[in-house]
Amino acid sequence: MLKLFGSTILTMAAIGGSFSFARAEAMNAAAPLCKSGGSPAMLVEIVGISSGSGIVRVQAYAGDPRHYFDKGSYIERIDMPAAKAGEICVPVPRPGTYAISVRHDTNGNGKSDLKDGGGMSGNPRLSLWDLALKNKPDPKSVQIRVGEGVTPVRVVMNYVQGSAFRPLQARP
């Protein structure tokens with residue numbers, strides 16, 4: 001079994017210079033916060049999900065960057081059906097530096113399986129070796145600076161493909 005230690009991929013979509021909030025409102029209860037733009041939050045769009053089956057988990061991390069992605073160290077967690085995952089509003093307590101992880105549990109069993117996917121803010125490249133050894137990316141590569149309003153975050157999902165952990169390839 002491969003442990004994906006909260007690996008996440010998020011994406012923020014901008015349409016015509018403004019964010020598309022309709023889908024976010026349908027996705028999670030914090031969506032009005034992102035729509036109003038008055039409080040610190042991250043609007044995360046998950047890009048490249050393999051399927052609409054299973055559960056997507058988005059987690060936000062703060063504090064000591066050496067502990068980003070440690071089990072139970074998240075400050076906010078949002079779970080939703082993968083079929084409804086898209087733009088997800090993640091509130092944060094104050095402006096500051098954060099990191100995001102996204103995990104796609106494709107069969108919804110709550111365990112990390114080889115068909116599950118993940119990604120992180122900053123979209124760092126991780127190898128199967130990194131995942132097997134639970135190596136984390138450099139904290140600077142995943143940090144997001146959040147101000148007073150809404151900060152867009154783009155995360156690209158990665159899945160095991162042969163001997164690599166990477167985004168799914170577009171099929172002709």
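Leu43 has Pro152 of β10 as its bridge partner. Keep in mind that you're looking at a predicted model, where local features need pLDDT of at least 70, side-chain atom pairs count only at pLDDT 80 or more, and totals for chains, interfaces and linings use all residues. Residues are numbered from 1 along each chain as its sequence is written, and side-chain values use heavy atoms, with hydrogens and water left out.

Back to the strands. β3 (residues 41–47) and β10 run parallel, joined by seven bridges; two strands pair if DSSP finds at least two bridges between them. Strands here are DSSP runs of E with at least two residues, helices are runs of H or I with at least four, and both are numbered from the N terminus. Strand β10 (residues 150–156) is mostly covered, with five of its seven residues buried. Buried means under 20% relative accessible area, exposed means over 50%, and partly exposed is in between (1.4 Å probe, protein chains only).

Now for the cysteines. The whole structure has one disulfide, a term that here means a pair of cysteine sulfur atoms within 2.5 Å. Cys34 and Cys89 form it, with their sulfur atoms 2.1 Å apart. Cys34 sits in helix α2 (residues 31–36) and Cys89 in strand β6 (residues 87–91), so the link ties together parts that are 55 residues apart in sequence. The link is right-handed, with 85 degrees about the S-S bond, and both Cys34 and Cys89 are buried.

Next, a look at the backbone. Most residues other than glycine have a negative phi. Phe69 isn't a glycine, yet its phi is positive, at about 75 degrees. You'll find Phe69 in the loop between β4 (55–61) and β5 (76–81), buried with a relative accessible area of 4%. Asn123 also has a positive phi, near 50 degrees. Asn123 belongs to the loop between β8 (117–120) and α3 (128–132) and is partly exposed, with a relative accessible area of 28%.

Last stop: the second largest pocket, with a volume of about 170 Å³. On a 1 Å grid over the protein atoms alone, a pocket is an open set of points where a 1.4 Å probe fits, with protein on both sides within 12 Å along at least five of seven lines; lining residues have an atom within 4 Å of a point. Of the 10 lining residues, Pro124, Arg125, Asn158, Arg166 and Pro167 lie nearest the centre. The lining divides into six nonpolar, two polar and two charged residues.

Key:
Grid points are joined across faces, edges and corners, and a volume is the space filled by probe spheres set on the points. Ala, Val, Leu, Ile, Met, Phe, Trp, Tyr, Cys and Pro count as nonpolar, Asp, Glu, Lys and Arg as charged, and the others, Gly among them, as polar.
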